[in-house]
Amino acid sequence: MFKNRHVVRGIGALACVGATMLVVTALYIAFTPVAHPTINGVQYRYVFPIMPLFFYCISPARVHSHIDRRVTQTMVYGGFALMTVLTLMDVYIPLLVATLK
């Protein structure tokens, strides 16, 4: 589809880095006191949606694998499902505990 895949992957990687910087900047503006040594509010769940695209962009263009395609797809979809469950647990379990108190 694209003649120069390296340019597309580079733009994708820059977009991922830019999106991460926007998230961190928003958290810095919203939750961090002036001159604080760390940025408050940064959590892994803000980076998880960006990670698969970033890893795709920095991966080699041609990777030959001897693993069955179904196994690879199961691992990828299982990883996404695990990230989704962990993110939901991180959000909803504290809410549930606060509600039950």
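## Helix H3

Helices here are DSSP runs of H or I with at least four residues, numbered from the N terminus. In this predicted model, helix H3 covers residues 69–100, and Ala 98 lies within it.

The 32 residues of H3 should span 46 Å at 1.5 Å a residue, and the separation of 45 Å between its end C-alpha atoms agrees with that expectation.

## Contact of H1 with H2

Helix H1 comprises residues 5–31 and helix H2 residues 51–58; their axes come within 8 Å and cross at roughly 145°. This crossing of H1 and H2 is left-handed.

On the H1 side, the contact involves Arg 9, Gly 12, Ala 13, Cys 16 and Val 17, which meet Leu 53, Phe 54, Tyr 56 and Cys 57 of H2. By class, the residues of this contact comprise 7 nonpolar, 1 polar and 1 charged.

## The loop between H1 and H2

Ala 35 is located in the loop that lies between H1 and H2. Its relative accessibility is 71%, so Ala 35 counts as exposed.

The backbone of Ala 35 has a positive phi of about 65°, although this residue is not a glycine. Most residues other than glycine have a negative phi.

How values were computed:
Residues numbered from 1 in each chain as written. Predicted model: local features only at pLDDT ≥ 70, side-chain atom pairs only at ≥ 80, totals over all residues. Heavy atoms only, no water. Axes fitted to C-alpha atoms, helices over the stretch in contact; angles between N-to-C directions. Helix = DSSP H or I, 4+ residues; strand = E, 2+ residues; numbered from the N terminus. Left-handed = near helix turned anticlockwise from the far one by under 90°. Contact = heavy atoms within 4.5 Å. Nonpolar A, V, L, I, M, F, W, Y, C, P; charged D, E, K, R; others polar. Expected span 1.5 Å × (residues − 1). Buried < 20%, exposed > 50% of the residue type's maximum accessible area, 1.4 Å probe, protein only.
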